[in-house]
Amino acid sequence: MSENAAAKTHSFQTEVKQLLHLMIHSLYSNKEVFLRELISNGSDACDRLRFAALTDEGLMEAGENLRLRVTFDKKEKTITVNDNGVGMSHDEVVQNIGTIARSGTRQFLDALSGDTANDANLIGQFGVGFYSVFLVAEKVELTTRRAGDPASAGVRWSSDGGGEYLIETVELADRGTTITLHLRDEDKEFVEDFRIRGIVSKYSDHISLPIEMHPQGEDTKEEWEAINSGSALWSRPKNEITVEEYERFYTTLSYDSEAPLATLHNRVEGTLEYTSLFFIPKKAPFDLWDREQRHGINLYVRRIFIMDDAKYLMPSFLRFVRGVVDASDLPLNVSREFLQNNKDIDRIRAASVKKVLSELTRLAAKEPEAYAAFWKEFGKVLKEGMVEDHDNRTVLSDLLRFSSTRSKDLEQTQSLAGYFKRMPMKQKAIYYITADSHNAASTSPHLEIFRKNDVEVLLLSDPVDEWLVSSLNEYKDKPLKSVAKGALDLDDFASPEDKKASEQKEKDLSELTERMQSVLEGKVKSVRVSLRLTDSPACLVADEADLGGNLERILAAMGQNAPDAKPIMEINPDHPLIRQLDPEHARLGDWTQVLFDQAALSEGAPLPEPAAYVQRVNDLLTRAALAGD
Ligand code: ADP
Ligand code: MG
């Protein structure tokens with residue numbers, strides 16, 4: 001090929017080189033996935049052509065029947081996969097399998113665990129499936145022409161998986177893509193009729209595109225025969241589908257090597273007819289938190305693939321659900337805009353959400369351990385539903401799990417229903433604290449009075465929790481209340497005598513709190529005597545209507561302008577550090593600043609002037625040391 005004047009050698013990008021090196025030298029087991037990847041790409045290419053041709057009939061050219069063909073040559077040790085799908089232009093080849101690393105390349109390299117059996121399985125998940133050809137091939141040739149382009153716009157690409165590939169323009173009569181693998185000697189076992197059929201049926205049986213081979217396998221003059229059963233799995237009756245078939249289908253949708261946690265297959269009849277097949281995974285995919293995450297529910301119309309990122313079919317807080325919706329009554333040429341404002345799609349989505357949530361509710365009730373494992377993987381995502389989905393708030397609130405002061409470890413296992421059941425009749429609110437880590441939440445001074453009185457507090461430390469509590473105002477008529485906001489309702493804790501005593505202390509210390517307040521001018525709204533503290537000298541409290549320190553810090557970290565509301569400092573009148581202070585104390589200024597900074601530190605806030613804090617503490621310590629303490 002090098003004598004062709006138009007042929008050009010290009011270098012793979014560094015990360016792709018690393019990836020190829022790995023394919024060739026490290027991933028030994030499960031090499032057969034190369035065929036799964038090629039078939040999956042060919043099937044995608046046919047799906048994309050079918051969809052594009054709905055609005056541009058010319059694209060189909062001659063030959064309506066989309067199919068994929070596999071041939072091999074034992075003597076030459078080659079396997080060839082050909083599809084008559086959408087094909088690629090020169091630039092698309094460079095984009096997709098050439099110079100530019102795909103977004104998943106780095107993530108794939110990072111995700112490798114060294115467990116080679118599993119690593120080969122990850123290939124498809126990260127959008128780097130094509131390169132798996134180098135698991136078995138010492139040389140790969142790809143020719144392709146984009147549907148609708150002239151024959152002269154064909155492209156030939158070839159590489160031996162080293163650092164470079166060759167690309168040139170060629171004449172190609174047929175649209176679509178042909179990939180020929182020259183197998184390495186040690187991998188020639190794959191050039192075997194039964195082997196290829198076995199792999200195809202294992203991974204690709206449910207693919208609705210016919211996958212054809214010659215009866216004798218090798219390129220004879222015989223008719224082609226379809227070797228996959230080719231029926232869309234979801235269109236078959238439920239009772240005829242085995243668990244293994246569902247699982248295999250799930251694997252090809254998700255590339256998850258584990259079986260799904262739950263499978264939901266439903267046919268809905270009536271005015272709006274559709275079939276849905278949903279899977280709830282056991283493990284979160286690597287891109288669960290990726291904004292660009294492209295997987296969604298695949299939308300089909302009467303078994304014709306329409307699109308695979310149909311966000312309209314599942315809300316963002318259920319983005320981990322995988323599966324298919326096949327609707328009978330939608331027009332074939334639906335556009336994204338159409339889907340966005342379509343009543344039928346809205347109804348399908350609402351029903352799908354209900355299905356998934358009721359399955360989760362069932363799991364939570366019947367298989368609490370499985371649900372706990374689910375929550376660990378997806379709890380943070382599900383919590384978003386409290387904000388996103390007002391209609392399902394009640395169902396969702398029963399699915400929530402939290403850590404609490406009653407938990408033995410950091411696991412989020414307490415339900416609101418459980419809290420509600422445990423709380424004494426007279427308790428007026430469900431209490432929670434938010435902080436940026438579980439540790440900061442569970443050691444907060446705000447909890448002291450609650451611990452002393454054995455009142456349970458939910459410990460919230462996921463960023464989304466702040467939004468969650470702002471939209472979950474109450475549960476079964478009990479308001480949710482932050483232990484770090486507003487004044488405490490003493491009725492939950494104290495006897496009338498205690499209340500009197502604390503009012504008296506408030507009076508006795510009024511001069512001191514006024515002095516301290518003027519020291520902290522501009523930093524606090526006020527200084528007052530605390531009812532919350534038993535062990536700590538001071539803490540910071542937000543006003544009922546303010547956001548609170550934790551949320552302000554989250555917003556600031558997100559680059560948003562949080563209103564800079566001043567906290568209230570509360571002091572513990574019974575703490576020795578407070579008791580030794582009086583309004584005339586010579587170092588009242590230093591003491592007040594140090595108490596304020598410590599209160600901020602204990603709620604996880606960074607100090608604006610750490611050096612000044614250290615200086616003051618050291619001064620006070622030096623005095624104590626010199627006094628012989
Ligand atoms: P993925 O399929 O997850 O996108 P791959 O590495 O398997 O990742 O393929 C990379 C890209 O190359 C595909 O997204 C597609 O654009 C293109 N491609 C691969 N094979 C074909 C094919 N047979 N026909 C058309 N395009 C293809
Ligand atoms: Mg692929």
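## Strand β3 and its partners

Two strands are said to pair if DSSP finds at least two bridges between them. In this predicted model, strand β3 is joined by six bridges to strand β7 (residues 176-183), and the two run antiparallel. The hairpin of β2 and β3 has four residues between the strands, and in it K77 takes a positive phi near 55 degrees.

## Burial of β3

Because six of the six residues of β3 (residues 78-83) are buried, that is, under 20% relative accessible area, the strand is largely enclosed by the rest of the structure. The burial holds for both directions in which the residues point: T78, T80 and N82 point one way from β3, whereas I79, V81 and D83 point the other way, and all are buried.

## The sheet of β20, β22 and β21

Elsewhere, three strands form an open sheet with mixed pairing, in the order β20-β22-β21. Its edge strands, each pairing on one side only, are β20 (526-529) and β21 (538-541). On average, and with direction ignored, neighbouring strands of this sheet are turned by 30 degrees against each other.

Strands β20 and β22 (residues 568-571) run parallel and are joined by four bridges, with E570 in β22 as the bridge partner of R528. Helix α17 (residues 510-519) packs on this sheet, where the helix touches both β20 and β22, and its direction makes about 155 degrees with that of β20.

Definitions and conventions. Residues are numbered from 1 along each chain as its sequence is written. Chains are lettered from A and ligands numbered from 1 in the order in which they are written. This is a predicted model: local features need pLDDT of at least 70, side-chain atom pairs count only at pLDDT 80 or more; totals for chains, interfaces and linings use all residues. Side-chain values use heavy atoms; hydrogens and water are left out. Axes are lines fitted to C-alpha atoms, for helices over the stretch in contact, and angles run from 0 to 180 degrees between N-to-C directions. Contact means heavy atoms within 4.5 Å. Buried means under 20% relative accessible area, exposed over 50%, partly exposed in between (1.4 Å probe, protein chains only).
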